[in-house]
Amino acid sequence: MNEISAPRPNNLDAFWMPYTANRAFKGSPRMLARAEGMSYFTNDNREVLDGTAGLWCCNAGHGRREIVEAIQAQAAVMDFAPTFQLGHPIAFQAAAKIAEHTPAGLDRIFFTNSGSESADTALKIALAYQRARGQAQRVRLIGRERGYHGVGFGGISVGGIGPNRKQFGAQLPYVDHLPHTHLPAENAFSRGVPAHGAHLADALDNLVALHGDTIAAVIVEPLAGSTGVLVPPAGYLQRLRALCDKHGILLIFDEVITGFGRLGTFFGSERVGVTPDILTMAKGLTNAAVPMGAVAVHDKVYRAIVDEAPAGIELFHGYTYSGHPLAAAAAVAAIDLHVKEDLPGRARAIEGYFEDGAHSLKDLPNVIDIRNYGLVAGIELQGRAGKPTDRAVRIFQRCFDTGLLIRTTGDIIALSPPLIIEKHHVDRMFGTLAEAIRAEAA
Ligand SMILES: Cc1ncc(COP(=O)(O)O)c(C=O)c1O
């Protein structure tokens, strides 16, 4: 047996950790051993309040009995079955349950295993749709600067985060980007939707002028999370919707983090008042208990691709685990929990208190912007001169050491707690964070 696979205690070598500074982590690991309700517990049983719902995904809180039991029951009945040319009831049940909550018309559900796969699937469906309706020249995909759509080649191509692209060179051809919507000079310290920036959607007109009728789809996050919480300016998404309609372009919303109650409605589309043609989801779909993603597609798109196709397979796309029984069981149980406990309503009810907590940090040292919407807050810090990210990384460590999990992107702190959060958790969260920001003032 070679060294790396030898079963020795504390062997951290074999796991090449994702999106992690591996050398730093393995020199000073942070280990989570258990989770329950609003909290994680470390391997030495120290409680860490979950300010991030894991990775924007455990919206119903951790260790929910109903979801655990549904997974256990399904595993005992049937562990796996293919969905290529075969079906099993729980996958159809999960799709129907999702479709009860998606915006009107978006009731055809394609299953994936992650947000990245959902993004790539949505882009492929958009291309297939344009081809099916006789617009095969529409091969161009438009993303947005600072957008995040996962790590597949499609996702990084339409995504707008430099570090996610620069190591890999080749990306999809025929891609362009809208400008991002971050306008700190006009919108700093906005509460909820910022007032300025609707005009930035008009950049789509410029892209149409440049590329003519070759654009298949535009993909945006209703609220951009991973890039540091960018809340859509008032009227921006409405304008984008109108321009997509005007130019025959499909609008895709990436709702991987805004789905499942995060913005106080079942899907973010409802909160922002704009319905896309295609909507991607993952994360909260199963409360992250089993990996699963899905793409909700407007009936007109499904019909164009499926009903008009010659006999045989209509869409040459799918994953071995599309509609996996354990994931489907977890999705049904998680959605039932959202309904039974009205988790979107709970998020809405505490949003004002959460907003006040976030904005209470305004006068702390180095805080240059605070933004929030639903149960999401972004706190932007002035980075240390010549040491970008250092301040935020050290605040992250301090928070972890004093019992709070936050997330950082550059020098921006993002908070997205489980929707079961109560006022005393909000107080603890912002109290702990304030201490850490003060401690890193220098
Ligand atoms: C908007 C958005 N899309 C896609 C993804 C990728 O999801 P996954 O990591 O499950 O592939 C994420 C992950 O954070 C996301 O926030």
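This is a predicted model: local features need pLDDT of at least 70, side-chain atom pairs count only at pLDDT 80 or more; totals for chains, interfaces and linings use all residues.
Figure 1. For Ser-116, an N or O atom in the side chain is 2.5 Å from an oxygen atom of the ligand. The side chain of Lys-283 likewise places an N or O atom 2.9 Å from a ligand oxygen atom. The residues that surround the ligand are Ser-114, Gly-115, Ser-116, Tyr-148, His-149, Gly-150, Glu-221, Ser-226, Asp-254, Val-256, Ile-257 and Lys-283.

**Figure 2. Packing of helix α8 against helix α9**. Helix α8 spans residues 203–211 and helix α9 spans residues 236–247. The two helices pack at an angle of about 25°, and their axes are 9 Å apart. Because of this angle, α8 is roughly parallel to α9. The crossing of the pair is right-handed. On the α8 side, the contact is made by Leu-204, Asp-205 and Val-208. On the α9 side, Leu-240, Leu-243, Cys-244, Lys-246 and His-247 take part. Sorted by class, the contact of α8 with α9 comprises five nonpolar, one polar and two charged residues.

**Figure 3. Packing of helix α14 against helix α15**. Helix α14 covers residues 390–401, and helix α15 covers residues 423–439. Their axes are 9 Å apart and the packing angle is about 135°. This angle is the reason why α14 is described as oblique to α15. The crossing in which α14 passes α15 is right-handed. Helix α14 contributes Ile-395, Arg-398 and Cys-399 to the contact. These residues meet Thr-432, Leu-433, Ala-436, Ile-437 and Ala-439 of α15. By class, six nonpolar residues, one polar residue and one charged residue form the contact of α14 with α15.

**Figure 4. Backbone at Arg-146, a residue with a positive phi**. Arg-146 is not a glycine, yet its phi is positive, at about 65°. The residue is placed in the loop between β5 and α6. Strand β5 comprises residues 140–144, and helix α6 comprises residues 153–158.

**Figure 5. Backbone at Val-229, a residue with a positive phi**. The phi of Val-229 is about 60°, a positive value although the residue is not a glycine. Val-229 is found in the loop between β7 and α9.

Note on methods. Residues are numbered from 1 along each chain as its sequence is written. Side-chain values use heavy atoms; hydrogens and water are left out. Axes are lines fitted to C-alpha atoms, for helices over the stretch in contact, and angles run from 0 to 180 degrees between N-to-C directions. Helices (H or I, at least four residues) and strands (E, at least two) are DSSP runs, numbered from the N terminus. Angles under 35 degrees count as roughly parallel, over 145 as roughly antiparallel, 65 to 115 as roughly perpendicular and the rest as oblique. A crossing is left-handed if the near helix is turned anticlockwise from the far one by less than a right angle, and right-handed if clockwise. Contact means heavy atoms within 4.5 Å. Ala, Val, Leu, Ile, Met, Phe, Trp, Tyr, Cys and Pro count as nonpolar, Asp, Glu, Lys and Arg as charged, and the others, Gly among them, as polar. A residue is near a molecule or strand if one of its heavy atoms lies within 4 Å of it. A polar contact is a pair of N or O atoms within 3.5 Å; within protein, one must be able to donate a hydrogen and the other to accept it, and residues adjacent in sequence count only if both atoms are side-chain atoms.
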